[in-house]
Each structure stands twice: as C-alpha cells, then as structure tokens.
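User: I would like to go through the pockets and aromatic pairs of this model and ask why each label applies.

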Amino acid sequence: MKKPTRVNHPPTVDLPPDNYSVVAPIYQTVKFEFDSLEDTERYLRGERPGFFYTRTSNPTMRQLELLLAELQGREECLVTASGVGAISQTLFALTKQGDHIVCFVETYNPSRYLIRRLLGRFGVTHTMLSIEDTAGIERALAARPTRLVFFESPTNPVTKIADIAALTRLAQAAGALTVMDNTFAGFHQHGEYDVDVFIHSLTKYASGAGDVMGGAVIGRGDLIRGLRTDFGTLGGTLDPHAAFLILRGLKTYFVRYQAQSASAMRIAETLAAHPAVARVHYPGLPTHPQHALARAQMRDFGTIVTFDLKGGLEAGGRFAESLQLFALAASLGSTESLVVAPQMMGGRDLTPDQQKMSAVTEGTVRLSIGLEDIDDLIEDVQQALAAVGT
Ligand SMILES: Cc1ncc(COP(=O)(O)O)c(C=O)c1O
C-alpha cells in the first residue's frame with residue numbers, strides 16, 4: 001500500500017474483548033460499513049442492527065439518547081443540534097396543515113415565534129393563553145380539535161409553575177398530545193406526570209459548562225421512534241463530539257443542579273429582603289404564588305431567580321452592569337453565573353395584554369446561578385443592589 005493510500009486506511013486497533021475503555025470512545029465518524037453488501041442491504045431493510053450514517057444514528061449519540069431517556073423515565077430519546085432544534089423538529093414532525101396548538105404567553109421567545117410565524121405559514125393555527133388560565137385551557141380544548149398543548153414549567157423567565165396533572169388530564173380528555181419543554185426543571189423532575197413528549201435544551205444543565213449546544217426529545221417508544229425518519233430528514237442532528245461532551249457534563253449533573261439550586265434559594269432570599277426589589281420570582285420561596293404547587297411537583301426549584309426592581313428599566317440595566325461575577329449573557333444552567341438585563345428580554349411580539357399576562361415588567365432581571373462560592377455571589381448581588389439605590 002502506498003503512503004497516500006495508507007493515510008486513508010490507517011492500521012486498525014481493536015480492543016481485546018475482555019479489555020474495556022473506562023470512558024466510552026467518541027465515534028467521530030460520519031460513515032459505518034458492514035462486511036458485505038448483503039449485510040448492508042439487510043441493515044437498510046431494517047433486518048439487522050447497526051449504524052450506517054451519522055445524520056440518522058451514531059453510537060455516541062445513541063449512548064446519550066439511552067441515558068437521557070432513562071433519566072427522564074421514558075423509553076426513547078432523539079438528540080438534536082440545539083434545544084430550539086428539538087422544539088422545531090418535534091413540532092414540524094407532529095403537526096400538519098389545519099392542526100391547532102394550545103400554547104402560552106409564558107414560553108421561551110423562539111418557541112412562540114416558531115408556533116406563530118413558522119408553523120402559521122404552513123396553516124397550523126394556535127391559541128395563546130396564560131399558563132395560569134386553567135379554565136381558558138379547558139375552553140380552548142373544548143372549542144376545537146387540538147393536536148397538542150405545548151408548555152414549560154417553570155416558565156422562562158418568570159418561573160410560573162404549570163399545573164402539569166391538570167394540563168395532561170385536560171389534554172388527554174380532548175385527544176391532544178402534551179409537549180413539555182422541561183429544560184428549566186431538568187431530567188430528574190416531572191417524569192411521573194403523564195406528559196407525552198419532554199423536550200430539553202442540552203446546552204444548559206446537561207452540558208453544564210456552557211461550551212456546547214444540543215437538544216433532546218424524550219417520550220414513549222412508539223411515539224419517538226415514529227419521529228426518527230422525519231428528524232433525520234429535517235437534518236438537525238447532534239454531532240458525536242458534542243454528544244461526548246454532553247455525556248461528560250452529565251456525570252456531574254445531579255451535584256451541579258442541587259448545589260446551584262441551593263445557591264439560587266439563598267440569592268432569592270437576599271433579593272426578597274432588599275428594599276430596591278419589588279418582587280422575587282423563585283418557586284422555592286414561600287411567597288411565590290404557586291409555591292405549594294411547585295413543592296408538590298418539584299424536588300429542586302432550579303437555578304433561575306427572576307426579580308423586578310422598583311426602579312424599572314434603568315435600575316435593571318444599572319444592576320446588571322454593576323455585577324462583577326455574573327456575565328451579561330443569555331443562556332442558563334452552566335457553572336458560571338449569568339444575568340439578563342430588562343433591555344435584553346424578548347417579548348416585543350406580545351400585545352400589551354399578553355405582556356401584562358407574562359408578568360415581565362420594565363424592571364425584570366433574570367439571574368442564572370452558577371457554581372461560584374455563594375458568599376461571593378451574595379456579596380456581588382448586594383453591591384449591585386447598592387449601586388441601584390432604593
Ligand atoms: C426553556 C428553554 N427552552 C429551549 C431553549 C433553547 O435552547 P438552545 O439554545 O439549546 O437552542 C432555551 C434557551 O435558553 C430555553 O431557555
């Protein structure tokens with residue numbers, strides 16, 4: 001074999017069958033081959049297991065899918081290139097022209113855009129309500145056949161809590177699927193509820209380090225397997241190296257989520273005690289209007305603390321800029337603390353009534369609490385509040 005040929009066919013190194021890599025290898029390859037054309041054809045006919053092309057499946061991605069399905073307490077999972085990719089591929093795969101979606105004002109902005117603008121272009125209609133309006137949800141489901149109810153809990157950014165048991169009961173009675181963006185609560189929560197499809201942004205708590213993007217769609221076997229061909233064709237597949245980094249991040253998921261949630265509680269208490277603060281939104285605080293529901297549904301209340309400053313937009317901006325340890329950046333769930341100033345909040349697509357419903361005000365600030373020492377974080381928050389004045 002000449003050297004230009006050899007570099008394309010390097011020596012193979014096989015592990016002996018009784019010798020194992022402690023950390024699973026990354027299958028950083030697009031293509032897989034079988035020994036024969038016959039085996040290739042059998043694979044393509046679905047008559048034998050294996051892998052063929054990474055856009056549709058890859059062992060590193062599969063390992064992540066199996067782990068995430070187990071963490072969320074379901075049978076199947078598909079991973080995607082981002083959280084938004086998971087949402088858009090799911091909604092495109094599950095709906096067709098003429099279908100109706102029930103969705104909520106208290107939803108991550110790109111999800112609202114997707115439902116209103118993109119799916120709207122293809123003749124999918126929607127009714128947008130407040131997640132707190134259970135009677136309205138019942139009316140909307142009674143008024144017309146509905147394909148699915150799409151919701152979050154806690155909601156982004158003001159951490160309202162959806163009554164998941166009531167929502168799933170109403171949706172099931174109406175023959176609608178429930179699709180829940182469970183990113184804020186994490187994989188270890190809400191699995192006991194009868195939600196049909198869980199969606200996660202893996203960019204957040206799963207990776208934890210804030211250096212890789214990904215998404216996941218998790219649910220019962222028949223439903224999720226039925227989406228696989230559409231997902232492969234829509235093409236927003238996760239890369240094997242990203243899957244490897246997310247698998248690595250997941251090793252510390254539980255300790256991170258718990259430690260960051262405990263710090264978030266301390267920050268929420270600090271904010272609640274300060275005269276410059278009008279209102280703190282944190283489901284773990286007894287003053288949260290849905291604290292009892294949060295306690296019933298959740299084990300950890302999460303790492304997002306949102307609050308309203310009495311001084312409005314200007315105070316929010318000053319607070320965010322005065323923080324030293326919090327990066328002025330979007331995203332959440334990573335080990336470093338982040339702040340979203342009111343000037344960075346979305347919601348311009350909402351009508352004035354919907355904006356009121358969303359509970360986002362001119363002075364709303366969202367903090368994502370990281371893994372820094374809690375005393376340092378509290379000191380930083382206190383000095384930034386002092387800079388705002390009362
Ligand atoms: C609730 C929620 N869902 C989905 C996403 C989208 O995730 P990604 O950035 O991985 O596309 C985000 C991102 O902030 C989010 O907050």
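The questions below concern a predicted model.

User: Why is the pair of Phe34 and Tyr43 called tilted?

Analyst: The search of the whole structure finds nine aromatic pairs. In the pair of Phe34 and Tyr43 the ring centres are 5.3 Å apart and the planes stand at 35 degrees. Centres within 6.5 Å make a pair, and stacked needs planes under 30 degrees apart while edge-to-face needs over 60, so an angle between these limits counts as tilted. The pair is therefore tilted.

User: Are Phe34 and Tyr43 buried or exposed?

Analyst: Both Phe34 and Tyr43 are buried, and buried means under 20% relative accessible area.

User: What makes the pair of Phe92 and Phe122 edge-to-face?

Analyst: The angle decides: the planes of Phe92 and Phe122 are at 85 degrees, and over 60 counts as edge-to-face. The centres lie 5.9 Å apart, against a limit of 6.5 Å for a pair.

User: Which parts of the chain does this pair link?

Analyst: Phe92 belongs to helix 4, and Phe122 sits in the loop between helix 5 and strand 3 (125–129). These are distant parts of the chain, with the two residues 30 residues apart.

User: Why does Phe122 count as exposed?

Analyst: Its relative accessibility is 51%, and exposed means over 50%. Phe122 therefore counts as exposed.

User: And what is the label for Phe92?

Analyst: Phe92 has a relative accessible area of 30%. Partly exposed covers values between buried, under 20%, and exposed, over 50%, so Phe92 is partly exposed.

User: Which residues do ring pairs link into a cluster?

Analyst: The cluster consists of Phe187, Tyr205, Tyr253, Phe254 and Tyr257.

User: Turning to the pockets, what lines the largest pocket?

Analyst: Its lining has 43 residues, and Asn109, Pro157, Met344, Met345 and Gly346 lie nearest the centre. The volume of this largest pocket is about 890 Å³. Helix 4 (83–94), helix 5 (109–121), strand 6 (197–201) and helix 14 (352–358) each contribute at least two lining residues. By class, the lining of the largest pocket has 18 nonpolar, 17 polar and eight charged residues.

Technical notes:
Residues are numbered from 1 along each chain as its sequence is written. This is a predicted model: local features need pLDDT of at least 70, side-chain atom pairs count only at pLDDT 80 or more; totals for chains, interfaces and linings use all residues. Side-chain values use heavy atoms; hydrogens and water are left out. On a 1 Å grid over the protein atoms alone, a cavity is a set of points where a 1.4 Å probe fits but cannot get out, and a pocket is an open set with protein on both sides within 12 Å along at least five of seven lines; lining residues have an atom within 4 Å of a point. Grid points are joined across faces, edges and corners, and a volume is the space filled by probe spheres set on the points. Helices (H or I, at least four residues) and strands (E, at least two) are DSSP runs, numbered from the N terminus. Ala, Val, Leu, Ile, Met, Phe, Trp, Tyr, Cys and Pro count as nonpolar, Asp, Glu, Lys and Arg as charged, and the others, Gly among them, as polar. Rings of Phe, Tyr and Trp (its six-membered ring) pair if their centres lie within 6.5 Å; planes under 30 degrees apart count as stacked, over 60 as edge-to-face and the rest as tilted. Buried means under 20% relative accessible area, exposed over 50%, partly exposed in between (1.4 Å probe, protein chains only).
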